[in-house]
Amino acid sequence: MLECQAMIEPQVQQRGINLTFPQFDVPYFVRADRTRLKQVLINLLSNAIKYNREQGTVEVTCAESTPGHIRTSVTDSGAGLPPELLAQLFQPFNRLARRLAPRKARASVSW
């Protein structure tokens, strides 16, 4: 997670975004493809910054959702997607950014 934070820091500073990452008392280890996991997290963070408002906020949180599973959430103060566009979210090559409505965005990934 620290690598991802370092990678997006220039974007955060350029947009004046207030970024919050969790602080862990003990280290957590994830059994996953390291490269793909970083890609997912960087993508969520980049979108949270890109589609946020100037001086907005991005918060990354981690919580144990069930024993042995950590849920990582990326929450931002950007416009978000209206419910009618959520079904189109995972269609390839579909750019929804032009049709955003003012809403609070929340993206979660569990692993």
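The model is predicted, so local features need pLDDT of at least 70 and side-chain atom pairs count only at pLDDT 80 or more, while totals for chains, interfaces and linings use all residues. Residues are numbered from 1 along each chain as its sequence is written, and side-chain values use heavy atoms, leaving out hydrogens and water.

Let's start with α2, residues 34-50. Helices here are DSSP runs of H or I with at least four residues, strands are E runs of at least two, and both are numbered from the N terminus. With 17 residues, α2 spans 24 Å from its first C-alpha to its last, close to the expected 24 Å (1.5 Å times one less than the number of residues). At its start, a side-chain oxygen of D33 comes within 3.0 Å of the backbone nitrogen of T35 (a polar contact pairs N or O atoms within 3.5 Å, one able to donate a hydrogen and the other to accept it; residues adjacent in sequence count only if both atoms are side-chain atoms).

Buried residues in α2 are L41, I42, L45, S46, A48 and I49. They sit on the same side of α2, because their arc around the axis is only 160° (taken from the directions from the helix axis to the C-beta atoms). They pack against α1, β2 and β3.

Over in α1 is C4, which touches K38, L41, I42 and L45, leaving aside residues up to four places away in sequence (contact means heavy atoms within 4.5 Å). C4 and Q39 are 35 residues apart in sequence, yet 8.8 Å apart C-alpha to C-alpha.

Buried means under 20% relative accessible area, exposed over 50%, partly exposed in between, with a 1.4 Å probe and protein chains only.

| Residue | Relative accessibility | Class |
|---|---|---|
| C4 | 2% | buried |
| F24 | 39% | partly exposed |

F24 also forms an edge-to-face pair with Y28, at 5.3 Å centre to centre and 70° between the planes (Phe, Tyr and six-membered Trp rings pair with centres within 6.5 Å; planes under 30 degrees apart are stacked, over 60 edge-to-face, the rest tilted).
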